[in-house]
Amino acid sequence: MPQGSVLSLILFICYTNDMPDSIASFIYVYADDAKLFTSSRDQAVLQRDLDILGEWSQTWQLRFNVVKCKIMQVG
């Protein structure tokens, strides 16, 4: 599949479509970007979801770029 073709984007979306199904937090996925957030004060819920996403990335061999990951806490 040539990079930049329309079909490659559709296949990537199909490949990552099940990512939000197993977590309790909200997640927005757009193209190759994902944002995970929660309104809960319970940090254990967010950490559990991050662990689940880490396992998902290992299973599907699609690594997250840790350098681009950011954390923002609003209180």
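Tutor: Let's start with the overall picture and then turn to one residue; keep in mind that this is a predicted model.

Student: Okay, what secondary structure does the chain have?
Tutor: The chain contains two helices and two strands. Going along the sequence, their pattern is α-β-β-α.

Student: And what does the C-alpha trace span along its principal axes?
Tutor: About 45 × 25 × 20 Å.

Student: How many of the residues count as buried?
Tutor: The chain has 75 residues, and 12% of them are buried. Its exposed surface comes to about 6600 Å², with carbon and sulfur atoms supplying 58% of that.

Student: What about contacts, which share joins residues at least 24 apart?
Tutor: That share is 36%, taken among contacts between residues at least 6 apart in sequence.

Student: Switching to charges: how many positive and negative side chains are there?
Tutor: There are 6 positive and 8 negative ones. The centres of the two sets are 9 Å apart.

Student: Where does Gln-61 lie?
Tutor: Gln-61 sits in the segment that comes after helix 2 (43-59).

Student: Is Gln-61 buried or exposed there?
Tutor: Exposed, because its relative accessibility is 66% and the cut-off for exposed is over 50%.

Note on methods. Residues are numbered from 1 along each chain as its sequence is written. This is a predicted model: local features need pLDDT of at least 70, side-chain atom pairs count only at pLDDT 80 or more; totals for chains, interfaces and linings use all residues. Side-chain values use heavy atoms; hydrogens and water are left out. Helices (H or I, at least four residues) and strands (E, at least two) are DSSP runs, numbered from the N terminus. Buried means under 20% relative accessible area, exposed over 50%, partly exposed in between (1.4 Å probe, protein chains only). Contact means heavy atoms within 4.5 Å. Accessible areas come from the Shrake-Rupley method with a 1.4 Å probe; for residues, only the protein chains shown count as cover. Lys and Arg count as positive and Asp and Glu as negative; His and the chain ends are not counted. The place of a charge is taken as NZ of Lys, CZ of Arg, CG of Asp or CD of Glu.
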